Amino acid sequence: MATALVAGATRGIGQGFVRALLQRDWNVYASYRDFAGAGTLNALTAAFPGQLHLLQLDLADEPSIVAAVAILRQHLDEPLELALCCAGLLHEGGQLPEKSLAQLSADWLQRSMAVNALGPLLLLKHLHPLLVQHTASQFAVVSARVGSISENQLGGWYSYRASKAALNMLMKTAAIEMTRRFPHMQLLCLHPGTTSTDLSEPFSKRVAPEKLFTVERSVRQLLKVLDDARNGPSGRFLSWDGSEVPW
């Protein structure tokens with residue numbers, strides 16, 4: 001049975017990946033940040049007994065990542081084939097994406113960087129020894145097209161754009177190192193398209209219905225991208241339709 005880790009699995013695309021992989025008969029480890037957010041995952045563990053396993057993991061806290069990976073190492077029966085990092089921060093409480101420099105907050109920018117960029121890199125740092133034991137493993141992060149510097153024509157959203165651009169650079173840099181050391185492990189950044197989730201909800205009214213994807217559709221498309229990309233070049237930024245997004 002193939003085994004995957006989904007980090008940031010309590011809602012949205014992360015939980016969609018969990019459901020889809022379980023339906024594929026994968027063995028899935030799904031992470032939650034705090035017990036309050038684990039409720040929906042608990043229901044899935046009952047529906048897929050012995051197939052879904054929950055891990056407490058806070059991407060903004062490196063000791064939490066270390067502890068979760070240690071637990072995962074103890075319980076893995078087969079090499080880890082796939083790791084998906086789906087956690088993302090666009091807005092929180094009353095904090096929305098900045099429309100101007102006047103709205104920029106150092107604290108919010110630092111928090112966005114910690115969750116969107118540094119967290120996934122720290123996860124890779126501690127997790128890759130488990131991934132390289134598989135003959136053809138993948139580590140993929142959910143990025144965003146607004147993190148493309150060359151495509152930025154609208155401005156705004158300083159913290160989110162910068163943190164996703166940083167995520168892309170960190171994954172590209174790590175992919176170069178990993179390709180030298182472990183050519184059988186692939187790193188990818190994924191753009192899911194605008195998906196109907198809590199993250200996009202405040203802005204989805206402006207999106208044409210045909211361009212607003214359900215979670216199920218986004219996950220189905222991204223899993224196809226991962227399948228098609230397997231054994232190909234590492235360090236790419238791929239959109240939901242398989243096309244490459246310019247950096």
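Phe 213 is buried, at 4% relative accessibility; buried means under 20% relative accessible area, exposed over 50%, and partly exposed in between (1.4 Å probe, protein chains only). This is a predicted model, in which local features need pLDDT of at least 70 and side-chain atom pairs count only at pLDDT 80 or more, while totals for chains, interfaces and linings use all residues. Residues are numbered from 1 along each chain as its sequence is written, and side-chain values use heavy atoms, with hydrogens and water left out.

**Aromatic pairs**

The structure contains 3 aromatic pairs. Rings of Phe, Tyr and Trp (its six-membered ring) pair if their centres lie within 6.5 Å; planes under 30 degrees apart count as stacked, over 60 as edge-to-face and the rest as tilted. One of the pairs is Trp 157 with Tyr 160: the ring centres are 6.0 Å apart and the planes stand at 75°, so this pair is edge-to-face. Trp 157 is partly exposed at a relative accessible area of 25%, and Tyr 160 is buried at 9%.

Phe 213 and Trp 240 also form an edge-to-face pair, because their planes are at 75°, with 4.9 Å between the ring centres. Phe 213 lies in the loop between β6 (185-191) and α6 (215-229), and Trp 240 in the segment after β7 (236-239), so the pair ties together parts 27 residues apart in sequence. Trp 240 is partly exposed, its relative accessible area being 28%. The ring of Trp 240 also has the charged end of Arg 217 over it, 5.9 Å from the ring centre. A charge sits over a ring if NZ of Lys or CZ of Arg is within 6 Å of the ring centre and within 35 degrees of the ring normal.

**Salt bridges**

There are 8 salt bridges in the structure, each a side-chain nitrogen of Lys or Arg within 4 Å of a carboxyl oxygen of Asp or Glu. Three of them are tabulated here.

| Salt bridge | N to O distance |
|---|---|
| Arg 24 and Asp 227 | 3.2 Å |
| Glu 92 and Arg 111 | 2.9 Å |
| Glu 177 and Arg 181 | 2.9 Å |

Arg 24, in the loop between α1 (12-23) and β2 (27-32), and Asp 227, in helix α6, belong to distant parts of the chain, 203 residues apart. Arg 24 is partly exposed at 38%, and Asp 227 is partly exposed at 38%.

Glu 92 lies in the loop between β4 (82-85) and α4 (106-131) and Arg 111 in helix α4, so their bridge ties together parts 19 residues apart in sequence. Glu 92 is partly exposed at 33%, as is Arg 111 at 27%.

Glu 177 and Arg 181 both lie in helix α5 (residues 158-181), 4 residues apart, about one turn of the helix. Glu 177 is partly exposed at 39% and Arg 181 is partly exposed at 45%.

**The chain as a whole**

The protein chain has 6 helices and 7 strands, in the order β-α-β-α-β-α-β-α-β-α-β-α-β from the N terminus. Helices (H or I, at least four residues) and strands (E, at least two) are DSSP runs, numbered from the N terminus. Buried residues account for 49% of the 247 residues. Of the contacts (heavy atoms within 4.5 Å) between residues at least 6 apart in sequence, 70% join residues at least 24 apart.
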